[in-house]
Each structure stands twice: as structure tokens, then as C-alpha cells.
Amino acid sequence: MKPPEVVTLTPGKRVLFLTKDPELIRRQLSGELDLQMKDLRVEDLLDDINTDAMTPAWVCFDYKPEDIARNAYAGLIVNGERLFPPDALRNGNFEVIVSGYRKGVGSSRETATQCEVFSGIKLAVAVSFAPIHAGNNINQGLLMGTHEMLARLQAGEGVALREFYDSYDPITQLIIQWGGLFPFSKAVARGDVQLPVPHNAPRPMTMGEKILARHMRGVAEDARYVKPGDAVVVDVDGGYTHEFTTAQVHYFLSQEYGPDYTITNPQKFAVFEDHLIYADEVTKMRPFMDKIQTLRDMQRDYQRHTACRDFSAVSLAEGGNVSPGICHEVAREFIIDPGDLIQATDSHTCMGGVNNALAWGVGATEYANLVHSGFTTVEVSESIRFELTGVLQANVTAKDVMLHILLHYAKPQLTLDRIMEFTGPGVRTLSLDERATLANMATECSARTAVVEADEKTLEWIAAMRPGIDVESLRARVVSPDPDAEYAGGVHTIALDEIPAHGRPSRRSRPRHPVRPHQRRAHRRRRRGEDRHRLRRLLHRRQDRRLSLLPPGGQGSRRRRPARRRRREILHPVRLPGRRKIRPRQRPPRHLPARRRHRPQPRLRRLHRLRPRRLRNRRPGHRQRHQPQLQRTVRTGQVVAGLTADRCRVCVHRDHHGVHAGDVREGEGTGGGVGKLPDRFDDAGATDPFVLCDERDSVVKGCRDDE
């Protein structure tokens, strides 16, 4: 709906303030509280609201915006509960939503805007908005204002619509005035809008500028010159969607243009089934399989309705589906030609730049508009050029080149929102797949897109992929930069023969101690036994401190366990009051199965990260904070740490025998008895704890008299 020339608050409508205090938000949602901007500070409002919090991924399985709005802000969780219950925003009668700094950070999902618009929100107020989120707001017709404007509105004043769009380019101003992208496109089709046309004198242009100038709508051939910052309306050659976005595109077109809508040039537009092809095999996806199947069915309906190219999955006789391939890879093979302007709903659409084309990703609303009308609005971006020379070394790939660019050019933001162009003799030494990597990773550089200079190898590759194509017609569409073209990001020379391999070699490929082939098995055995030797040396040193260790021969419980749960004993120290003691724990075997070892061997682990575990069934009032736990049972008579029997008590914990921690057993054990300690422990300190247990005991504890 077209907004009024003077914006005011609707009587009876409310304003929702997303405060840092969740209780205030709850009271506003329940209708108990209405706040005023004059009573709050910007610092009291939430900052950096993420689009994932506005619409989590599971919400995006719904394709209808009105269904998405039911779970608006479902990702805001406080103390394990949703801050916004279902339908809370829609039923709250809100017209304005207010936040702090940088609203809409995170992913570029358009559903974050849809959840607000279809809940009745007409104005979003924040100090700043993330650029992509701001663009989605403009396309959906959601006005964006400041806190000062809100204070005036709550005071009863009206704010002129011009104040909401003064800072934008001429075409964006028209989109805001018409209330969104769809109303604007309809007005253009009716002839109600006079599109602004840039008037530039002839100038040298980059490859990206040449492609945009070639696609300008309503401009004479001799006036097709653009410069960075120009807002232009351009015709789109083609594009594609996948099953995550096609359903929403189909729904938008049906709502805006009726069930009999058509698209322009169906053979240059396509649908792909690749993003959710393995969803049936993912456990976490099973609760959403009905919605996922709906997305697939909607895509098939869209393809039959529009007669666009179909790259859906193929069902196999033995069950399962096979996808024709990844959408941006298949598109460069069969859809994109040199000099094309391509728009698609995939973040790696920029991979099409390997074919000497200009391509980048858009949202579902923008794609639905351009696939029906055949045109879109674009602001000409600045460019940065990389002149490649030399030849790559052995084991160095195009990804290493992009990692070099990421480090030295993208990190300082030289590629930010710019068109990356790759030229030079080094490009001709790369295969088409390596060049595709250069274009594909432009999105990792936060660039607008990338364009690779074409040569005969490019044309031959396209002709090989599409038999019967006219190579001469492709050659006529190739673009190259003018010698004096201006690059705001500069022209940078990269010597390919100086690029190192950035990938870290795997553990198996890294050089180790030289071992001859006939010595490899013995060498592995020595490395396996190395930990045991280190542990033995450690235990010998601890013997001087009057610590005795549990022999590794005890078997404990006679219950049979599955092979995957077989354990072996590991010794590590536990901090006790005034003393360090080594107690056994259990870990799965790493080398030989446990059944082949009649005596489990100890293995050294990192000692400083391990902590004593607590008793499970504690009895109130017992001090067990510092008591070590024996994770496996041992035979009667085995001593872990010795001390004189007359200065201690035995504490036994048995879940299945009814004996609890803290029970005193003096002079006898639980079945086998304490018995007499060995003579070699008679001189042990009285403060040292000790543990004795019976075969039937599951957990045994030792403590001192004062505990």
C-alpha cells in the first residue's frame, strides 16, 4: 500500500519497545504496559538484533509470510523459554517496533522483514540497520525511522514522508514512495513512473560497468555510459531459484499478478533441487519433513506453471533422489553466457562471473519481481582489479590465490561491496574450474560479485558443454575493460608463481621420523607403548611420596557390556585436601579390543583438565565435596591408598544393595571384610584416605574421621 505524504500514528495502535529488560517486553506483549520514547534512552534498547533471532531456520520452512509472522522473534530465548510466544507480535496490535543499534545483522534472510510486515508493523525505528536488512525493508514497504521521529509521532505530530527517503538514490526514493518493490514495478509497467536516466559523457569503463550499461532500459545506444553510484534500471537475462526459495516466489507471483502470471524468457530461468536433497537422511530434519515436502511440491508446481528449465532431483529405482548438481555450478555450464546479467536466490550466484558475466544473489521478493517484469534496479558498484601473472606452483590452487586476496585485500575491506575483476596473462594459465573458484569466492570477500576476463579457452569450454551453440555469437558478447578505466579499489598485480600453498598438510602427509618399510609395524607399536612408559616413570616418582596405586588387574562387576562400551583403565590424579592421589577412570580402548586384553593397561591422559566426579545419590547433610570417586569396582582387599586402619572408616555407596555413602564399617567389609592392611602400609600417614570394596559394590568411597 502506498504510504501517505504525512506519516502519523494510527489511533488505537501501539508501539513495541525491544528493551534490554525482558520483563518490560513481556508486559508490553501482554498489554499491561505502554512505553514512551521520552521516558527511555537508546541505551535501554536491544542492539544487534540478529535475523536468526527474528526468524530461526525452522521458521523458514513456512513459505507463506502470514505463517512466518506467527513465530516472529521466536529466536529470542530467556531462561530457556521463548520471549515472544506464538502470535504474540501479531495479536499485540503493534504498529511500530523500536530497537537500538545495528538491527538486522546476521544472515540476509528476507523472512526477518516479513515477520514484522505481516504482523502489522508499518514503521521500524533504530539508530542503524544492517545494509541487506534495510534493502529488504525497502522492498517490502516497511518504513525506517529514527528515535527522534518516533518522539515527534508519539507527541502527536506528523512526519513528512520525504524525511524517510531523502538520503537514498532516486530509484530507491521511488520504491519507498510507492510502498515497496511490487507496487513500484506495477507503476512502471503502467507508465505511471518516469525512470531517472543517468546522463554521463563517454568515459572508459570496467567490465562490470560495460555489462550494466549494455542492459540499461530506455537509453539510446550512444548514451550507454555509467559510473559508480548511478541508479539505473536494467534488464535481466536470466536467473534461478532452489527449493528453499521457489515456493515463496511462486506464492508472491500468484498473490501480486494472479494465478495466471507469466515470466519473461523461461529458457533463461531455472529451478534446482539441491539445498534440501539430503534432508530425508538428517535426523534433526524429520520433524519438518511435511513442510520440506511442501516446498518441493511447490517448486514442481512453479516449474510446470512457468515452463522454466527444470533441474529437479531424479528418483532412483532403488529409492532415494539424485540431484543434477549444485545450482551455481550447473548454471555456468548450461545457462550463463558471456555478457549476461544474472540474478538468483543463491549467495554463490557470483560463480557465474567465470563466464565473463555479471551475477549476484537477491531475495525472494526481488527475484519474483524481476522474473515477471524482466528488469530490476541496480546501483552501479565500484570495482577493484587483480592482474594475474605467472603460473601456479605445484600443489597450489586458485583457492590459495583467493586466500591470499582475503588476507591482503578483503581484510582491509578493499573488496567490500565492489566488483572484483580478474585479468592478465595469469588467468589464461588457469583451467575453467580454477577460474570458477576465483569467481565463487567473491562472496567470501564481501564483494558484490566477480567477473573473469574471457579468452578462447572460455568459449571452447562453453561450446563443449552446450553442443550446437554458435561460438561467434558468444565471442560478440565478450566484454573487456578499457585501458583507462577507473578502479576505485585500485589495480593490483598478483604473481601466481609466488603464491604459497595456504592449506595445512594432513597429519599423515606431514614428515615424521624416517622409518623404513619393514620397520613400520614395530615403529607403530613403539609409539603406542610410549604413553605407558611415560606413566610408569611418573608412578615410580610418586612412590617416594608414599602413594600406592591400584593394580590394573581388578575386574569388578561381572556384567557383560556391549563391545562398543568396553572400557580400559586410565589413571590420573585428583586434588584432595593436602594430598594428591591417583585414581582410576575408564575410557574406550583405542587400539586393541578389550576382550583381547586380560589385564587392561593404563594410558596417560592430560591430567590438568580432569575433575573428580560427584556421587549420584547423595544423602543430605553429608560432606562429599572433596571425596574422590572410584569409577570401577575392584576386588576385595585391593588397596588404593594405604593408611592405618584404626584412624579411618570405610564409606560404601551401593545403589542396588541399599548401603549409602557415609555408612561406617569398622573391622569388617561388605562381604570380604577390611581385614588387616599389609605391613608395608603401617607407616602411612593417618590423613591419607583409602578405599576398600567388595565385588558387589558399584561405587566405593573413602574419607577421614573429621569428615
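Start by selecting Arg-448 and Trp-360: the arginine lies over the face of the tryptophan ring, 4.2 Å from the ring centre. Keep in mind as you click around that this is a predicted model.

Now pick Lys-2 and Trp-178. Here a lysine lies over the ring face, at 4.1 Å from the centre of Trp-178.

Next, let's look at rings with rings. How many aromatic pairs does the structure hold? There are 12 of them. A pair like this is described by two things, the distance of the ring centres and the angle of the planes.

Select Tyr-73 and Phe-84 to see one. Their ring centres are 5.1 Å apart and the planes meet at 25°; planes under 30 degrees apart count as stacked, so this pair is stacked. Are they buried or exposed? Tyr-73 has a relative accessible area of 0%, so it is buried. Phe-84 is buried as well, at 0% relative accessibility.

For another geometry, jump to Phe-269 and Tyr-367. This pair is edge-to-face, with 6.2 Å from centre to centre and 80° between the planes. Phe-269 belongs to strand β11 (residues 269-272) and Tyr-367 to helix α15 (residues 364-373), so the pair ties together parts that lie 98 residues apart in sequence.

Then select Tyr-63, Phe-182, Tyr-251, Phe-252 and Tyr-257 together. These residues form one aromatic cluster.

Last stop: switch to cartoon view and find the open sheet. Which order do its strands take? The 4 strands run β2-β5-β6-β7, with parallel pairing. At the edges stand β2 (14-17) and β7 (143-145); each has a single partner strand, so one side of each is left without a neighbour in the sheet. Look along the sheet for its twist, which averages 25° from one strand to the next.

Strand β6 (residues 123-125) pairs with β7 in the parallel sense over 3 bridges. Select Ala-124 and you can follow it across to its bridge partner in β7, Met-144.

Notes
Residues numbered from 1 in each chain as written. Predicted model: local features only at pLDDT ≥ 70, side-chain atom pairs only at ≥ 80, totals over all residues. Heavy atoms only, no water. Pairing = 2+ DSSP bridges. Helix = DSSP H or I, 4+ residues; strand = E, 2+ residues; numbered from the N terminus. Axes fitted to C-alpha atoms, helices over the stretch in contact; angles between N-to-C directions. Phe/Tyr/Trp six-rings, centres within 6.5 Å; stacked < 30°, edge-to-face > 60°. Buried < 20%, exposed > 50% of the residue type's maximum accessible area, 1.4 Å probe, protein only. Lys NZ or Arg CZ within 6 Å of the ring centre and 35° of its normal.
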